[in-house]
Amino acid sequence: MACTKATVKSSGLNIWSSEDATGPAPVVDIIAVQGLGSHEFYTWVKKVPSQNADKRRRFRDKAQFWKAKKPQGKDGEDSPTEVMWVRDLLVPMFKDARIATYSYKSDWRDRKVKTSLRQCAEQFLNILSQHRQQADERKRPLVLIGHSLGSIVIQQALVIAVHQPEFTDLRLSIAGVLFLGAPFQGSDAAVFGKWLARLSRLDSTLLENLRNGSPDLYALQEDFCGSYTAWDLVCFYEMSDTNFGGLLRTKVVNPQSASLLGQRKIFLNTDHSGLNKFGGVDDENFALVLPEIRRIFEDGPSIVAERHRAKDTGATSYGNLHWMVPRPVNDLFTGRSELLLRIQKAFHCDQTSSPNKQKRFVITGLGGQGKSEICLMVASQMRADFWGVFWVDVGNASTAENDFIAIAKLLGQSVKSLCDAIRVLANTERTWLLILDDADDPNIDYQVYFPSGTHGAVLMTSRIPDCKRYSLDANEALEGLVDEDSKELLLKAADIPKDLWPSYNDQATTVVDILGSHTLALIQAGAYIAKGHCQLYEYPKVYERQRERLLKYRPEQAQSRYRDVYATFEASAEVLERSNSEAGEDALCLLTVLSMLDSAVIPLQIFQSAWSSGREVLRSSCEETSAIDDMSRSHALRLPGLLIKESDEWDPFRLTEASSKLISLSLAMRHDINGSMGLSMHPLTHAWAKDRQDREQQDTAWIATGCVLAFSRSNSIMWQTQERRLLPHLQSYLNTKIGRILLFESKALVIPILLECGWALLDMRQDLMLSHLLEDIFTGLRKNPKELLEELLPLYSLQARSLSNTGEIKMAVALLEQIVEIEGRILAETHPNRLTSQHALAIAYEANGQVKEAIVLLEQVMEIRGRILAETHPHQLASQHALASAYTANGQVKEAIALLEQVVEIKGRTLAETHPSRLASQHALASVYKANGQVKEAIALLEQVVEIRGRTLAETHPNRLASQHALARAYKANGQVKEAMALGFRRLD
């Protein structure tokens with residue numbers, strides 16, 4: 001008979017689910033344990049407004065409830081609905097479970113109640129055991145949910161169970177525990193309650209146990225964590241303060257106290273009293289708790305069954321005879337709880353496990369991310385589950401052979417070969433765990449180290465992503481710790497007291513971002529700070545100045561196997577160097593190129609584009625010129641060797657092999673870019689790849705990378721469509737001292753590269769960066785930017801465009817007039833450079849208010865280009881576009897519309913919809929439409945432009961902002977004020 005509100009007991013187990021004697025037995029027990037001084041029913045109840053009451057009445061009812069604590073309605077009005085979530089939500093959701101609540105007398109305000117924590121726990125343990133006496137109950141998985149003190153009661157009960165054999169089955173049946181606001185380290189609010197208790201001469205024993213810093217609680221945590229680290233535990237904590245009648249406002253249990261080291265923690269948006277109350281399936285807090293209950297409900301049976309099986313076959317902690325593990329878990333170990341649970345699940349038996357398949361799990365990832373430490377934690381947590389735990393370092397063949405022979409000797413077998421030693425383990429029909437660590441050489445086939453047969457479990461660590469094929473259904477590509485765990489690890493390593501962590505949160509976040517959440521880097525940064533070399537807030541500036549020193553820093557104690565961050569990456573480079581292969585050399589070459597760029601994703605298409613343009617230069621019969629913007633044979637010969645410059649057709653083989661080598665060692669990561677391949681690097685790997693080169697090597701790599709960038713500019717479509725991806729690489733490449741480069745390399749080699757980069761910045765509207773670049777070039781050449789020299793015309797032409805974009809229109813006009821005058825003397829009237837300069841001058845004229853001069857010049861340019869170029873040629877279309885703009889400025893709107901409609905029509909046929917030139921013409925036509933009163937046509941065009949630029953340009957790109965602003969103005973003109981406001985423009989004057 002299911003319990004009801006009327007029959008609920010104030011002490012003992014209250015079962016809310018119905019049990020049919022003739023039906024199937026429950027498969028899981030779910031028990032919720034109340035907190036300190038709680039009501040046996042209302043502690044689990046949340047009152048929500050009735051669905052039948054109107055909004056105003058519901059608000060009033062709710063207010064009356066909180067004021068008067070009376071659930072009854074008034075004057076026939078609908079009363080708030082009581083949602084007892086254990087009964088109303090869990091029972092219908094988990095039909096195969098026996099669901100109950102546990103109540104006990106713990107109200108310190110009741111003079112009749114005098115009890116201790118241990119008494120509460122022993123009573124709970126005994127009553128629970130009494131309800132699990134039947135054969136199908138003793139080993140039934142058990143999910144426990146504790147609120148506040150109820151969590152501590154659960155902890156104490158489970159610690160007692162460790163030492164009392166009659167509770168072994170119950171202890172092994174714990175599928176998981178959810179702690180709701182558990183005061184593991186005590187509560188400041190308990191001090192307030194203790195003061196009230198003494199004031200009223202009440203028993204304060206329980207409150208004394210719960211005070212902040214209680215030694216009893218500390219001892220309990222040590223006992224509990226020592227026995228239940230491997231159990232599935234989830235901690236929930238409150239985000240809101242509790243108001244104690246205006247006398248005190250605080251969190252009853254702070255996040256630190258509500259957390260267990262190494263276990264998952266989740267916050268709920270409520271105060272302490274709301275942690276155990278949910279109003280329905282749509283309750284935001286219930287939506288966070290339910291998945292954890294469901295996961296434990298589904299995964300628990302297999303885990304519990306494996307525990308009991310291990311006990312029944314003698315593989316308990318008493319039967320764990322062999323422990324061959326090199327070192328204990330690092331005290332700083334943080335996070336990874338979900339991964340640890342996945343590994344445990346993979347190694348446990350259940351009904352779906354294949355008896356003909358060896359249990360395996362493979363962890364791959366970058367060096368220094370903590371793969372070996374995770375294995376140490378798994379070994380420690382699961383020691384009781386295995387008769388033997390064996391560790392083999394497969395970093396090199398001799399070490400692996402020695403370790404396997406040592407295992408065989410430990411098992412009483414004298415062997416002399418690797419194969420015989422592995423065979424000993426394969427034939428051992430006991431529960432054993434084999435850890436294959438450091439499988440990091442892609443030239444070694446690690447299959448030979450897996451014992452044959454179906455016995456045992458194997459856990460492997462590797463930097464080689466392809467090693468996941470040894471366990472396709474159970475593997476993990478390890479990434480950095482999540483932000484909260486990263487900060488916790490850093491602060492622990494820095495030896496900062498835990499109670500001060502909140503005040504260091506922002507500083508820790510900055511350091512975590514700099515180090516890319518790399519585990520070993522965080523530990524060593526913390527050690528550097530703990531040693532007194534700098535304060536936490538100073539670390540970012542020290543890193544900027546002394547990056548290599550910091551990442552090579554080695555703490556004196558508890559060192560990593562690789563000793564420092566850079567050393568762990570260098571171990572991978574040594575694998576490439578030892579290979580003595582073309583692919584290994586190409587991989588190291590590609591690594592140097594990537595080190596000159598950004599760590600973000602780079603499309604490998606850029607290499608094909610560079611090869612194509614470089615090949616054309618090498619095949620050209622034209623003699624090299626002295627022009628400062630000439631990308632010559634000298635540049636083509638400085639392209640990376642892996643591009644095979646002399647071949648007739650593009651062959652990506654060497655590039656692909658080199659990329660695969662870097663990926664295989666986790667030095668780079670593969671990305672898919674719309675069907676094409678891209679590469680990225682971890683920020684620290686990227687820093688190491690640059691710092692490992694000496695100054696001369698860096699200069700060589702800088703030139704090779706610059707040649708790739710400059711030659712690839714011939715593929716304008718790629719640079720336009722991939723602008724957002726290429727920009728950070730261009731910025732990183734130019735983040736160097738131009739003057740120093742010019743001292744060690746010829747100007748004929750360096751300046752053409754810089755000019756190509758400058759034109760790219762111009763197209764991307766990186767106006768400030770282009771200004772700085774031009775300043776550096778003039779300084780490096782020791783030339784005055786205001787004194788025009790004929791041999792430097794390409795440089796001054798770029799300078800003029802930059803001046804126009806930065807608003808220095810008069811200076812731009814003056815400079816362009818000089819350029820046009822010089823080119824008029826030395827170039828034919830049809831020369832592309834002369835026409836381009838005239839075009840640029842006309843645009844500057846218009847910007848300077850000299851519209852008539854702009855029209856005259858543009859009509860001349862358009863006439864000449866019309867004679868020598870096809871109507872679809874980009875330069876001819878650009879002239880028409882510019883002339884239309886000048887017509888508009890001169891009030892010749894109809895002429896502008898006619899020209900722009902022609903341009904938009906041609907570009908619509910010849911260019912992709914995302915092409916910047918096509919979008920610019922559509923934008924211009926829309927603006928003229930609006931000026932002509934054709935607002936609806938303008939909106940239709942601008943909506944299309946805004947949508948495409950929103951996908952292809954950065955949020956701060958001037959063109960994207962300009963189109964959004966123009967659309968907002970068009971909306972306003974059409975009376976669509978809300979749409980205009982939605983674009984973020986509050987004033988459209």
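**Helix H36.** I listed the buried residues of H36 first: Arg 918, Leu 919, Ser 921, Gln 922, His 923, Ala 924, Leu 925, Ala 926, Val 928 and Tyr 929. Buried here means under 20% relative accessible area, with exposed over 50% and partly exposed in between (1.4 Å probe, protein chains only). Helices, with H or I and at least four residues, and strands, with E and at least two, are DSSP runs numbered from the N terminus.

I noted the ground rules before going on. This is a predicted model, in which local features need pLDDT of at least 70 and side-chain atom pairs count only at pLDDT 80 or more, while totals for chains, interfaces and linings use all residues. Residues are numbered from 1 along each chain as its sequence is written, and side-chain values use heavy atoms, with hydrogens and water left out.

Back to H36. I find its buried residues packed against helix H34 (874–889), helix H35 (893–910), helix H37 (935–952) and helix H38 (958–973). Contact means heavy atoms within 4.5 Å. H36 covers residues 916–931, 16 residues in total, and I read 23 Å from its first C-alpha to its last. That is close to the 22 Å expected at 1.5 Å a residue; the expected span is 1.5 Å times one less than the number of residues. Just after H36, I noted Gly 933 with a positive phi of about 85°.

**H32 against H34.** I went on to H34, one of the partners of H36. Its axis and that of helix H32 (residues 832–847) come within 10 Å and cross at roughly 20°. Axes are lines fitted to C-alpha atoms, for helices over the stretch in contact, and angles run from 0 to 180 degrees between N-to-C directions. H32 and H34 are therefore roughly parallel to each other. The classes are: under 35 degrees roughly parallel, over 145 roughly antiparallel, 65 to 115 roughly perpendicular, the rest oblique. The crossing is left-handed, a term for the near helix being turned anticlockwise from the far one by less than a right angle; clockwise is right-handed. From H32, His 839, Ile 843 and Glu 846 meet Ala 878, Ser 879, Ala 882, Ser 885, Ala 886 and Ala 889 of H34. By class I get five nonpolar, three polar and one charged. Ala, Val, Leu, Ile, Met, Phe, Trp, Tyr, Cys and Pro count as nonpolar, Asp, Glu, Lys and Arg as charged, and the others, Gly among them, as polar.

**H12 against H13.** Here the axes of helix H12 (residues 397–410) and helix H13 (residues 418–426) come within 8 Å and cross at roughly 45°. The two helices are therefore oblique to each other. I logged this crossing as left-handed. H12 brings Ala 400, Glu 401, Phe 404, Ile 405, Ile 407 and Ala 408, and H13 brings Leu 418, Ala 421, Ile 422, Val 424 and Leu 425. The tally is ten nonpolar, no polar and one charged.

**H4 against H8.** Helix H4 (residues 149–163) and helix H8 (residues 215–228) pack at about 60°, axes 9 Å apart. That makes H4 oblique to H8. The crossing of H4 and H8 is left-handed. On H4 the contact uses Ile 152, Gln 155, Gln 156, Leu 158, Val 159, Ala 161 and Val 162; on H8, Leu 217, Leu 220, Gln 221, Asp 223, Phe 224, Ser 227 and Tyr 228. I sorted the contact residues into nine nonpolar, four polar and one charged.

**Leu 117.** I placed Leu 117 in helix H3 (residues 117–130). At 9% relative accessibility, Leu 117 counts as buried. Its C-alpha is 8.1 Å from that of Ile 152, 35 residues apart along the chain.

**Helix H23.** H23 (residues 683–691) is mostly covered, with seven of nine residues buried. They are Leu 684, Thr 685, His 686, Ala 687, Trp 688, Ala 689 and Asp 691. I picked out Asp 691, buried at 15% relative accessible area. Leaving out residues up to four places away in sequence, Asp 691 touches Arg 547, Glu 548, Tyr 566 and Gln 698.

**Whole chain.** I counted 39 helices and 20 strands. Buried residues make up 53% of the 989 residues.
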